[in-house]
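Please read it alongside the sequence and the structure shown here.

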Amino acid sequence: MQASILAAAGIISRIIGLLYRGPLDSVIGEVGLGYYHSAYNYYTIILLISSYSIPSAISKVIAQKLAIREYRNAHRIFLCAMGYVLVVGSIASLFLFFGAGLFVEDAAVPVLRTFAPTIFVYGILGVLRGYFQAHKSMVQTSVSQILEQIANAAVSIGAAYLWIQITLGTMESPADQAGVVKRAVSGAIGSAMGTGAGVLIALLFMLGIYGLNRGMIHRRIERDRHRNVDGYGRIIKTITAVVTPFILSTAVYNLSSTVNNKLYTDIYPTERALDMVTITSRWGIFSKVQTISNIPIAFASAMASAMIPSVAQLIAANDVEGAREKIGVAVKTTMLISIPCGMGLLVLAKPVIKLLFPSTPASSLETAGVMLMALALSVVFYALSTLNSSILQGLGKVNTPIINAAIALILQTATACLLLFYTDLDLYSIAIANTFYSGIMCVLNQWAVRRAVGYKQELVRTFVIPFFASAVMGAAAWAVYEGMLLLTYSMQIAVIPAILVAACVYFVLLILLRGVSEEELRGMPKGYLLVKIAKKCHLMR
């Protein structure tokens, strides 16, 4: 249920993120998106290394103390974690600001520097989120994520518009290449400001929530009668020991985007003698596609965040059977959602892009559509590998995801290089390599979880039935879309009823084929409503 709450918030956040990308694309253009995402990839890596893994790591350590009711030690861990992120976040922010020129081309340096203060703020936010997640309460994190994305959307569009107006004095696109670059960079700077504003708003909300609960927290500490009080030095060592593998795992896991960015926007144009504006524009197209493909993965990420403290507590209590059961439910729930999402993106790639990014020109739409189709399978792979990485961390196998991610990264980089430099696939090479990477991670992590707890996933109701239902759903969605397109001559209008029909067909087939039980359905977001609908339609007794 807590995973469902966090998943719902994650999906809402991703939808908000998608809805504002269309207007943002209209303001800064594909070149601006290209500069933004080039800087964003390097910002993400520094963030991952310094602060991003803090919520998961801290929630695991604190959850272990809460499981044995050591409330004083749990709060001491919280305080030490806060000190840790203040130091590490400051160093990372300064490094990114003054070292921006080491990562991106000169034009994108101001964009990357705009991201720098966000790393410091995010560290504090991460500790607060991890503290409440350790208490198996995801509501605070969920609300903060939604607020973060709303502020991000509003400020990104507004700041991008204002910054272009201030810099150029007009919103008109310049005719010369230097003017195009200047306009694109100005818009990207404004969008980067939105990222920082969103994190700041989320932090203020979480500080307010902590303030409201402070009295209860201290009363519980005063009632703690455990005599074993951990020293701050010991806690710092524990935090460092736990956080470091989390950081390495998350950083290596997400390093593929940065490597692909470097290959395509730096090395590839030099080898093929291509101009940077064209390359940056194409990378902007890929960023749109990635944004769409990442939406379904939000559910797996939320499930993963909820799984770490739960699995850690079960293992701490030597309840291996309970851990196996929880893992099985998490994997099945993730597949029930990610498989139809991947199928939907496969059959409705172009109209979905046109719906979410209406200003995409026809010349870019064809390329983006094929790339989204190539990434459709990665939705399932990434969802399962993300979940299993967190399960392994909860089981104490913190080094395994690092090794698996490193193996996958080497193989995907070799694949990307071969496709880029020895074929004419161009940008499609990155999409193929990305899917290949996610597939390797999926297989390696799934195998590692099986070995760690002797766990074996049920196949028919977890994979076979959802795939069959998704295939029929995809055929129905395609037929409805093509029929509506003949009537309306509009991709945006035709795709909406196709999506609605697809959702209904999948829901009906899943229940008729006994792919999901009433109990499992109730555990999903708005599950009680889904059960009520199923019973009214005589799909369930």
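D426 is buried, with a relative accessible area of 15%, which is under the 20% cut-off used for that term. The coordinates belong to a predicted model, and every value below is computed from it. D426 forms a salt bridge with R282, with 3.0 Å between the closest N and O atoms. Because D426 sits in the loop between α13 (400-422) and α14 (428-453) while R282 belongs to helix α8 (residues 276-293), the pair ties together parts that are 144 residues apart in sequence. R282, for its part, is partly exposed, at a relative accessible area of 27%.

**Salt bridges**

- The structure holds 8 salt bridges, and the pair of D426 and R282 is one that reaches from a loop to a helix.
- Side chains of opposite charge can pair when their charged atoms come close.
- R324 forms a salt bridge with E321, the closest N and O atoms being 2.7 Å apart, and both residues lie in helix α10 (residues 320-347), 3 residues apart, or about one turn of the helix.
- An α-helix has 3.6 residues a turn, so residues three or four places apart point the same way.
- Within that pair, E321 counts as exposed at 51% relative accessibility, whereas R324 counts as partly exposed at 27%.
- K350 and E366 meet through their side chains in a salt bridge, with an N to O distance of 3.0 Å.

**Nonpolar cores**

- In soluble globular proteins, nonpolar side chains tend to be buried together.
- Which residues touch the most other members of the largest nonpolar core? They are I62 and I239, in a core of 64 residues.
- At least two residues of this core are supplied by each of α1 (2-52), α2 (54-67), α3 (71-98), α4 (109-134), α6 (177-222) and α7 (232-272), and the largest share, 15 residues, comes from α4.
- With residues up to four places away in sequence left out of the count, I62 touches A74, I77, F78, Y131 and A134.
- Another core, of 53 residues, lies apart from the largest one, and its members include I292, M343, M371 and A433.

- Helix α5 (residues 139-168) contains L162, which counts as exposed at 51% relative accessibility.
- Together with Y161, W163 and I166, L162 makes a nonpolar surface patch of about 430 Å².
- The 30 residues of α5 reach 43 Å from the first C-alpha to the last, which is close to the 44 Å expected at 1.5 Å a residue.
- G169 follows α5 and has a positive phi, near 80 degrees.
- P174 lies in the loop between α5 and α6, and its C-alpha is 36 Å from that of I146, although the two residues are 28 residues apart in sequence.
- Apart from its neighbours within four places in sequence, P174 is in contact with L168, G179, V180 and R183.

- T118 lies in helix α4 and is buried, with a relative accessible area of 3%.
- Not counting residues up to four places away in sequence, T118 touches Y43, T195, G196 and V199.
- Leaving aside neighbours within four places in sequence, the contacts of K332 are Q457, R461, T462, G515, V516 and E520.

Terms used
Residues are numbered from 1 along each chain as its sequence is written. This is a predicted model: local features need pLDDT of at least 70, side-chain atom pairs count only at pLDDT 80 or more; totals for chains, interfaces and linings use all residues. Side-chain values use heavy atoms; hydrogens and water are left out. Patches are made of residues with over 30% relative accessible area and no salt bridge: like charges are joined within 9 Å, nonpolar side chains (Val, Leu, Ile, Met, Phe, Trp, Tyr) within 5 Å. Accessible areas come from the Shrake-Rupley method with a 1.4 Å probe; for residues, only the protein chains shown count as cover. A salt bridge is a side-chain nitrogen of Lys or Arg within 4 Å of a carboxyl oxygen of Asp or Glu. Helices (H or I, at least four residues) and strands (E, at least two) are DSSP runs, numbered from the N terminus. Buried means under 20% relative accessible area, exposed over 50%, partly exposed in between (1.4 Å probe, protein chains only). The expected span of a helix is 1.5 Å times one less than its number of residues. A nonpolar core is a set of buried Ala, Val, Leu, Ile, Met, Phe, Trp, Tyr and Cys residues joined through side-chain atoms within 4.5 Å. Contact means heavy atoms within 4.5 Å.
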